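My notes follow the display.

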Amino acid sequence: MSDATAIEAATRRLALAMDALEAAVERRREADRTEERLADQVQALGVDRSRLASELDAAAAHSRRVESTNREVARRLDAAIATIRSLIDAHDR
């Protein structure tokens, strides 16, 4: 093999190696961009989770207040019904 042929072969190998390196760098950059996007999504999901947990806590507290109010209204209605029945019974006698 002549020096020129050896140099041409080495040049081709170098060019192929450079192409492979550039492709690897681009794959790495894309992987980094994908990782950044995933990190952003995880961050957004964490924010959403916190917001939803807060809203759930507020809804649960509201539900407890509504249930308590409902029990109080039912108690008062029962008392009013009992009073009305006792008045009707007293009136009927």
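I took buried to mean under 20% relative accessible area, exposed over 50%, and partly exposed in between (1.4 Å probe, protein chains only). The model is predicted, so I note that local features need pLDDT of at least 70, side-chain atom pairs count only at pLDDT 80 or more, and totals for chains, interfaces and linings use all residues. Residues are numbered from 1 along each chain as its sequence is written, and side-chain values use heavy atoms, with hydrogens and water left out.

**Entry: Arg 51 and Glu 55.** I first looked up Glu 55, which is partly exposed with a relative accessible area of 43%. Arg 51 is partly exposed too, at 40% relative accessibility. The two form a salt bridge (a side-chain nitrogen of Lys or Arg within 4 Å of a carboxyl oxygen of Asp or Glu), with the closest N and O atoms 3.0 Å apart. Because Arg 51 and Glu 55 are four residues apart in helix α1, about one helical turn separates them. Helices are DSSP runs (H or I, at least four residues), numbered from the N terminus.

**Entry: Glu 72.** I found Glu 72 in a salt bridge with Arg 75 at 2.5 Å, N to O, and in another with Arg 76 at 2.8 Å. Arg 75 lies three residues from Glu 72 in helix α1, whereas Arg 76 lies four residues from Glu 72. Glu 72 has a relative accessible area of 28% and is partly exposed; Arg 76, at 55%, counts as exposed.

**Entry: whole structure.** My search of the whole structure returned eight salt bridges.

How values were computed
Helices (H or I, at least four residues) and strands (E, at least two) are DSSP runs, numbered from the N terminus.
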